[in-house]
Amino acid sequence: MPKLWRSWLKSLIERHNNCIVKNNQFASLGSTALLILYKTIAMDTYTINSALAPQRETLLNHSLYSRVKTIEDLRSFMEGHVYAVWDFMSLLKALQIKLTCTAVPWLPVGNPEIRYLINEIVLAEETDVNADGQRQSHFEMYRDAMLDSGADVSELDTFLQDVVETQNIFVSIKHSSLHPDIKQFLDFTFRVIEEGKPHEIAAAFTFGREDLIPDMFTEILRNFEANFPEADLKKLIYYFERHIELDADEHGPMAMQMIADLCDNDPVKWNDVEEISKKALEKRIALWDAIEEKMLQQDLASI
């Protein structure tokens, strides 16, 4: 490693408030260790996105999108995807609990900009205006769209009723009849929430959902409109278009700023964010695999 580069890195480390390497240890570090150390210190949302590029590419080019060719395929897609729509709100509400004051007496907690971000997203996700001009959460919009398309909501409703009755999400996931990969998808979400670390919850929320949604939903919508020109998918298309509009123009950039504010210059937190984000995307890929597997099984059964 060139002496000039090593000297610059040493000065960067010395300026870093949360440095994990003392000056007397620096000289003994090899080139590989120094590169890892540099990556840790210099990490930001841009480098996180770069690290997640392979997983994002896999998701955006997943064969599931082109496999949705019949109305039965569409129903299967919705019956699996709805769990990602539902658990998204738990990530968001967990952030609201952690980063704003939801207790009485009220006190001004944390960063006002982050409070605004979270409450703004909650407002849109929990009480948006649906295609008929009425207030609904995005989950309720999606369930209505499922009903309009003829998708089966009985498994979803049974699962949610069990969540209410057990008051233990992990028991409900374990005892459900859901596909194993859907169970793992949900279990991961609620394990991150249970750990209670705001930057990790924000990572699953931002890089696993908000930052991904515009590109992913655009691809889904493109295929739906091409394959079902005669079907009445007004509510479903509205749901996707609304998410694309909100997440690309408003919520996505705001969520990125939240990550930057929560991690600041802490290299451990940035590493946590990268690790959680990769796992979140891998769980989403497995969810897509599970939905595609169900479609293939239906195709074989119809032969």
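A crossing is left-handed if the near helix is turned anticlockwise from the far one by less than a right angle, and right-handed if clockwise. Keep that in mind for the exercises below.

The model is predicted, so local features need pLDDT of at least 70 and side-chain atom pairs count only at pLDDT 80 or more, while totals for chains, interfaces and linings use all residues. Residues are numbered from 1 along each chain as its sequence is written, and side-chain values use heavy atoms, with hydrogens and water left out.

**Exercise 1. Get to know the chain**

Find how many helices and strands the chain has, and what percentage of its residues count as buried.

Solution. 
- Step 1: Helices (H or I, at least four residues) and strands (E, at least two) are DSSP runs, numbered from the N terminus. By this rule the chain has 16 helices and 2 strands.
- Step 2: Buried means under 20% relative accessible area, exposed over 50%, and partly exposed in between (1.4 Å probe, protein chains only). Of the 303 residues, 47% count as buried.
- Step 3: Contact means heavy atoms within 4.5 Å. Among the contacts with a separation of 6 or more, 73% come from residues 24 or more positions apart.

**Exercise 2. Explore the core**

Work out which residues have the most contacts inside the largest nonpolar core.

Solution. 
- Step 1: A nonpolar core is a set of buried Ala, Val, Leu, Ile, Met, Phe, Trp, Tyr and Cys residues joined through side-chain atoms within 4.5 Å. In soluble globular proteins, nonpolar side chains tend to be buried together.
- Step 2: The largest such core here has 80 residues, and Phe77, Tyr142, Phe159 and Met258 have the most contacts inside it. Helix H7 (residues 71-99) gives the largest share of this core, 15 residues.
- Step 3: Now look around Tyr142. Leaving aside neighbours within four places in sequence, Tyr142 touches Phe77, Met78, His81, Val82, Val85, Leu236, Tyr239 and Phe240.

**Exercise 3. Two partners of H16**

Describe how H5 and H7 each pack with helix H16.

Solution. 
- Step 1: Axes are lines fitted to C-alpha atoms, for helices over the stretch in contact, and angles run from 0 to 180 degrees between N-to-C directions. Angles under 35 degrees count as roughly parallel, over 145 as roughly antiparallel, 65 to 115 as roughly perpendicular and the rest as oblique.
- Step 2: Helix H5 (residues 53-60) and helix H16 (residues 267-301) have axes 10 Å apart, at an angle of about 20°. H5 and H16 are therefore roughly parallel to each other, and H5 passes H16 in a left-handed crossing.
- Step 3: In this contact, H5 supplies Gln55, Arg56, Thr58 and Leu59, and H16 supplies Lys278, Leu281, Glu282, Arg284, Ile285 and Trp288. To sort residues by class, count Ala, Val, Leu, Ile, Met, Phe, Trp, Tyr, Cys and Pro as nonpolar, Asp, Glu, Lys and Arg as charged, and the others, Gly among them, as polar. The contact of H5 with H16 then has 4 nonpolar, 2 polar and 4 charged residues.
- Step 4: Turn to H7 and H16, whose axes come within 10 Å and cross at roughly 150°. These two helices are therefore roughly antiparallel to each other, and H7 passes H16 in a right-handed crossing.
- Step 5: The H7 side of this contact includes Phe77 and His81, and the H16 side includes Trp288 and Met295. By class, the contact of H7 with H16 has 6 nonpolar, 4 polar and 6 charged residues.

**Exercise 4. H7 meets H8**

Solution. 
- Step 1: H7 and helix H8 (residues 112-126) pack at an angle of about 145°, with axes 10 Å apart.
- Step 2: Residues meeting here include Phe88 and Leu92 in H7, and Ile114 and Ile118 in H8. The contact of H7 with H8 divides into 9 nonpolar, 2 polar and 4 charged residues.
- Step 3: A cis peptide bond, with omega of about 0°, joins Val104 and Pro105.
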